[in-house]
Amino acid sequence: MSTFTRSTPPRVKVGLVAGGLGAYWPQFPDLLPQLQRSAERVSERMRDLDAEIVDVGFISDAQEGAVAAEKLRAAGCDLIVGFLTTYMTATMLVPIAQRSGAPVLLINLQPTESMDHATFDTGQWLAYCGACPLPEMANAFTRLGIPFRSVSGYLEDERAWAKIGRWVRAAGVRAALRRGRHGLMGHLYPGMLDVATDLTLVSANFGGHVEVLEFDDLRVRVEKVTDAETGDRIALAREVFELADSVNEEDLAWAARVSVGLDRLAEEFELDSLAYYHRGLDGEIHERLGAGMILGASLLTARGIPAAGEYELRTSLAMLIMDRLGAGGSFTELQALDFHRGHVEMGHDGPAHLAISARKPLLRGLGVYHGKRGWGVSVEFDVKPGPVTAFGLRQARDGGYGFVVSEGEVVEGPLLQIGNTTSRVDFGCDPGEWTDAWSASGISHHWALGTGRRAADLRATADLLGIELTHVQPEPSAD
């Protein structure tokens, strides 16, 4: 982890089973081979979604369904996809859904957009009959308390495949959370009641593990960093960033040394995310470590290990979710409202997701970190112009987590040059109206800002996690 290469998370594991009613096969000899060809095409397209596919083949009765259920249970899948090729009974798929422990997606993809009604016989019609068992499956699953979702279309229906891809991506995010190891280092920023997190609630809502770290865990690793390693990291920083004239060489060297130590911390504790804060005092070592983390935390974030300051565990989790959806996800809060231009200005000091910067990110030297002790180098950039999604996790009074989402667009306009990430976002309404609606959702004062319109992907992810999603999108103000 000593170079600027993105970490590669495990691929989502998708269990695939296709089926139809075995009573048809002796009656219509050409039907089963046609359905099996359709199943092969579905398996091929599923693999194109960058998923590891566990294909247990074609089932024709309840006994074969039970065998498939055991295979998929043992495989430990993140998502089960049941392909309804023609009519089949619910008892063929229920054991698979019950035993797997994974979310279930039912797909009904007929061979083409429409039958040739003038020439089709019964056997040819049955190849288009995958819609028939879908209500039966839905009824049985509902009565058994098994959540499910479905996509109907035809084999080469790009609309349907876009929806299937969305469910696969959502399953990948769910898996990342369930298996994730999330570092929490230091202590709460004094007085920030909204960001305080009960660690048990992370496991209760998402699964995963929170590794409680001391700043001394970082200190001992930074002490072992060599001058040669520091020099290599300085060279990397000069390659990745533009350096402002205000950057002090001594501060840059310290940030580089901390960055190498931070890499070792993430590697040795096998971290998938990190939230941190330490107040420090009078330039002592822990204050200097906290002040020196911005470079290394930004490099970690760009490599797929999101790091958030101010002990913001829920926001580091939101950043992880956005990163796994391919949206980046940078540590963000409100900065100002521009009523003249109709924009919300948002961003944050400290670590940022370099992969979504509009241009080569800037390292700026700061003699003072506002609201924090210490000094050093900070990251400054604007998110790429175009569609963006603000996304955060809210915690309800009962401890349940919820997603809060709003889609807007990063637009051009004047930006502060103070060592912060700053973006102007147009949400299509009065910025004051948006700010009131966003705040009323119960969001904390930090969240992740990512590229693209991600509300649909986040809605699918919330569905698989069994949590609520609040979509904040106020109506445009009347002129």
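Predicted model: local features only at pLDDT ≥ 70, side-chain atom pairs only at ≥ 80, totals over all residues.
1. Aromatic pairs come first, and a pair of aromatic rings is described by the distance of the centres and the angle of the planes. With rings counted as paired if their centres lie within 6.5 Å, the count for this model comes to ten aromatic pairs. One of them is formed by Tyr-24 and Trp-25, whose ring centres are 6.5 Å apart and whose planes stand at 70° to each other. Because planes over 60 degrees apart count as edge-to-face, this pair is classed as edge-to-face.

2. Are Tyr-24 and Trp-25 buried or exposed? Tyr-24 has a relative accessible area of 14% and is therefore buried, the limit for this being under 20%. Trp-25 is buried as well, with a relative accessible area of 14%.

3. A tilted pair is formed by Tyr-189 and Tyr-277, with 4.8 Å from centre to centre and 45° between the planes. Where do Tyr-189 and Tyr-277 lie in the chain? Tyr-189 is found in the loop between strand E6 (181-186) and helix H8 (199-206), while Tyr-277 belongs to strand E9 (residues 273-277), so that the pair ties together parts that are 88 residues apart in sequence. Tyr-277 has a relative accessibility of 6% and so counts as buried.

4. Two further aromatic features deserve a look in the model. Phe-427, Trp-434, Trp-438 and Trp-447 together form one aromatic cluster. Elsewhere, a charged residue is placed over a ring, in that Arg-149 lies over the face of Trp-167, at 5.5 Å from the ring centre.

5. Strand E9, which holds Tyr-277, is also part of an open sheet of four strands, in which the order is E7-E6-E9-E10 and the pairing is parallel. Its edge strands are strand E7 (209-213) and strand E10 (307-308), each of which pairs on one side only. Within this sheet, E6 and E7 run parallel and are joined by five bridges, and Leu-184 has Val-212 in E7 as its bridge partner.

6. The last point concerns helices, and two packed helices are described by the angle between their axes and the distance between the axes. Helix H7 (residues 158-179) packs against helix H16 (residues 455-465) at an angle of about 55°, and their axes are 8 Å apart. How are H7 and H16 oriented to each other? Since the angle is about 55°, H7 and H16 are oblique to each other, and their crossing is right-handed.

Definitions and conventions. Residues numbered from 1 in each chain as written. Heavy atoms only, no water. Phe/Tyr/Trp six-rings, centres within 6.5 Å; stacked < 30°, edge-to-face > 60°. Buried < 20%, exposed > 50% of the residue type's maximum accessible area, 1.4 Å probe, protein only. Helix = DSSP H or I, 4+ residues; strand = E, 2+ residues; numbered from the N terminus. Lys NZ or Arg CZ within 6 Å of the ring centre and 35° of its normal. Pairing = 2+ DSSP bridges. Axes fitted to C-alpha atoms, helices over the stretch in contact; angles between N-to-C directions. Parallel < 35°, antiparallel > 145°, perpendicular 65-115°, else oblique. Left-handed = near helix turned anticlockwise from the far one by under 90°.
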